[in-house]
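Student: I have a new structure open and want to learn how to read it. Could we go through it feature by feature?

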Amino acid sequence: MAAAESKQVRIGSTTALLLIAQVVTLGVSFATSVLLARALGPAGKGQLTLLLQIPGTIAMFAGLGIPAANAYFVGRRVHGVGVTLGNSLLAAAAATLVGLPIYLVLTRGPGAPPGGFPLVPVMLVAAVLPLSLLVSFVSGIGTALQQLPRQAAASLLGALASTVLVALAFITHRLDLGIAAAASPLMLTITFLVLVTGVERARTDPVRVSVTALREASGYSLKSYFAGLTSFLNYRQDVFVVGYLAGNAQLGLYSIAVTFAELLWYLPNALSTTILSKSMAAQHEAGAQFTARSSRITVALMIVLAGVSALVIRPVLTLLYTGKFVDSAAAFYWLLPGVIMLGIVKILSSYLAAHGKLYPLLGLLSAGVNLVANLLLVPRLGIVGAAVSSSISYTLMGVILIGLYRRETGARLRALLVLDREDLRAIRQSLASYLPGERGPDEALPR
């Protein structure tokens with residue numbers, strides 16, 4: 001490989017920084033999860049999980065693919081930052097006006113689950129809807145501007161603020177569903193303020209609404225919308241099925257299994273964000289090489305992490321969450337195959353999205369399979385049925401997406417899944433470069 005080409009596909013400081021920030025954020029968020037579970041118990045944890053999922057799902061429906069469109073059109077220099085920000089603020093306000101009545105119907109009205117939700121937590125969590133919309137819209141702009149370190153810092157600061165609130169309430173024995181519900185709006189507020197400050201500093205045009213820009217972005221936005229929406233439903237519909245059909249206590253156990261399973265996503269999340277940001281400006285060949293190396297490294301590390309996690313999950317659950325949550329381990333085991341496949345999906349789909357290749361029907365197919373499997377298996381197997389359903393749908397999506405990526409780039413299957421000697425050498429050099437007193441070549445992990 002030529003030196004110039006190696007520089008194009010190297011995997012280094014930016015991804016390392018994102019990964020470190022995400023790991024720290026993970027640790028902070030994980031601590032919050034432990035405190036909430038210990039204070040609320042399985043039933044209370046399940047109730048909180050379902051309550052927070054409702055505005056998150058509404059925001060996904062109401063977002064109309066705007067985050068991806070913001071990243072694409074600002075990244076391609078088609079729309080200015082000011083116009084995109086103005087349109088985003090207008091869209092967030094309109095979506096909130098439409099979404100809030102739906103939220104109230106699902107939390108306090110006829111659409112509420114058995115037992116419903118208390119009024120105070122419902123009112124606090126209502127703020128999650130507009131805030132999550134704003135965070136996602138502005139994050140899209142920040143991704144286009146390659147403000148990835150700021151995005152990582154925003155998530156970390158938001159998580160820290162949330163954890164401080166929960167920890168103080170836990171220490172003073174005041175941690176109930178109301179205070180737990182307030183933690184998410186606080187986290188999103190801090191995150192949004194940090195993100196929008198960075199976007200404002202990069203803005204050179206005035207903040208305004210442009211109908212022309214909205215129209216131009218609508219085609220890409222709608223394609224991205226259906227792809228993102230079906231993927232989101234594929235990831236989260238099991239929460240609703242378990243919550244409505246199996247009850248809060250079972251959902252509380254399942255939420256902990258999902259929390260542990262999602263720990264394995266931090267590497268592909270960091271890499272996929274980098275791929276989306278950098279592939280917009282890279283040549284197809286360089287971006288494809290970068291993506292293939294990312295995929296190989298992701299597969300290898302996730303398999304190792306999955307094996308270690310499977311060995312330690314039961315004692316860890318008992319130690320951190322008490323014996324009340326040890327039954328979460330069974331669902332965790334069945335989630336692992338799907339989580340590994342989903343790591344590959346995150347890597348490959350980011351490259352394809354950066355080049356305008358979106359596959360909404362794939363997400364729809366996978367979400368449909370997941371829903372049918374959930375409805376069949378959850379009443380019979382409980383949270384294990386939900387985990388099996390997720391793994392089936394994630395694996396289906398992964399197999400099909402690998403085929404689509406290979407058709408687009410001509411990549412061999414081995415090039416996506418199996419580490420080669422160059423990868424091992426590059427990983428060693430990256431690790432060496434972060435040791436005290438060492439300064440290895442910056443080419444191993446995706447930048």
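Predicted model: local features only at pLDDT ≥ 70, side-chain atom pairs only at ≥ 80, totals over all residues.

Student: Where does Thr-322 lie?

Tutor: Thr-322 sits in the loop between helix H12 (284-321) and helix H13 (328-354). Look at its backbone too. Its phi is near 75 degrees, a positive value in a residue other than glycine.

Student: Which loop holds His-173?

Tutor: The loop between helix H7 (148-171) and H8 holds His-173. Its phi is also positive, near 60 degrees, and again the residue is not glycine.

Student: Is His-173 buried or exposed?

Tutor: His-173 counts as exposed, because its relative accessibility is 74%.

Student: Let me step back. How many helices and strands does the chain have?

Tutor: The chain has 17 helices and zero strands. Of its 447 residues, 53% are buried. Now consider contacts between residues at least 6 apart in sequence. Of these, 84% join residues at least 24 apart.

Student: How do I read a helix?

Tutor: Start with the general idea. An α-helix has 3.6 residues a turn, so residues three or four places apart point the same way. Then check the length of one case. Helix H6 covers residues 128-144, which is 17 residues. At 1.5 Å a residue, H6 should span 24 Å. Its end C-alpha atoms are 24 Å apart, so the two values agree.

Student: Why is H6 described as largely enclosed by the rest of the structure?

Tutor: Because 15 of its 17 residues are buried. Just after H6 comes Gln-146, which takes a positive phi of about 60 degrees.

Student: What about a single residue within a helix? Which residues does Ser-393 touch?

Tutor: Set aside residues up to four places away in sequence. Ser-393 then touches Asn-234, Ser-366 and Asn-370. Ser-393 is found in helix H15 (residues 383-409). It counts as buried because its relative accessible area is 0%.

Student: And Ala-182, with which residues is it in contact?

Tutor: Leave out its neighbours within four places in sequence. Ala-182 is in contact with Leu-124 and Leu-165. Ala-182 belongs to helix H8 (residues 177-202). It is partly exposed, at a relative accessible area of 23%. Compare sequence with space here. Ala-182 and Val-125 are 57 residues apart in sequence, but 6.8 Å apart in space, C-alpha to C-alpha.

Student: How do I read aromatic pairs?

Tutor: A pair of aromatic rings is described by the distance of the centres and the angle of the planes. A search of the whole structure finds six aromatic pairs. One of them joins Phe-30 and Phe-260. This pair is edge-to-face, at 5.2 Å centre to centre, with 90 degrees between the planes.

Student: Where in the chain do Phe-30 and Phe-260 lie?

Tutor: Phe-30 is in helix H2, and Phe-260 is in helix H10 (residues 248-262). They are 230 residues apart, and the pair links distant parts of the chain. Phe-30 is buried, with a relative accessible area of 17%. Phe-260 is buried as well, at 9%.

Student: What geometry do Tyr-321 and Phe-325 have as a pair?

Tutor: That pair is tilted: 5.7 Å centre to centre, 55 degrees between the planes. Tyr-321 counts as buried at 0% relative accessibility. Phe-325 is buried too, at 1%. Now put the rings together. Phe-30, Phe-260, Tyr-321, Phe-325, Phe-332 and Tyr-333 form one aromatic cluster.

Student: Last topic: pockets. How do I find empty space?

Tutor: Rolling a probe the size of a water molecule over the atoms shows where empty space is left. Here the largest pocket has a volume of about 540 Å³.

Student: How many residues line the largest pocket, and which lie nearest its centre?

Tutor: The lining has 31 residues, and Phe-61, Ala-62, Leu-64, Ile-66 and Phe-137 lie nearest the centre. Helices H2 (13-62), H3 (66-75), H4 (81-107) and H9 (211-245) each give two or more residues to the lining. H4 gives the largest share, eleven residues.

Student: What classes of residue make up the lining?

Tutor: The lining of the largest pocket has 22 nonpolar, nine polar and no charged residues.

Terms used. Residues numbered from 1 in each chain as written. Heavy atoms only, no water. 1 Å grid on protein atoms, 1.4 Å probe; cavity = no way out; pocket = protein on both sides within 12 Å on 5 of 7 lines; lining within 4 Å. Points joined across faces, edges and corners; volume = space filled by probe spheres on them. Helix = DSSP H or I, 4+ residues; strand = E, 2+ residues; numbered from the N terminus. Nonpolar A, V, L, I, M, F, W, Y, C, P; charged D, E, K, R; others polar. Buried < 20%, exposed > 50% of the residue type's maximum accessible area, 1.4 Å probe, protein only. Contact = heavy atoms within 4.5 Å. Expected span 1.5 Å × (residues − 1). Phe/Tyr/Trp six-rings, centres within 6.5 Å; stacked < 30°, edge-to-face > 60°.
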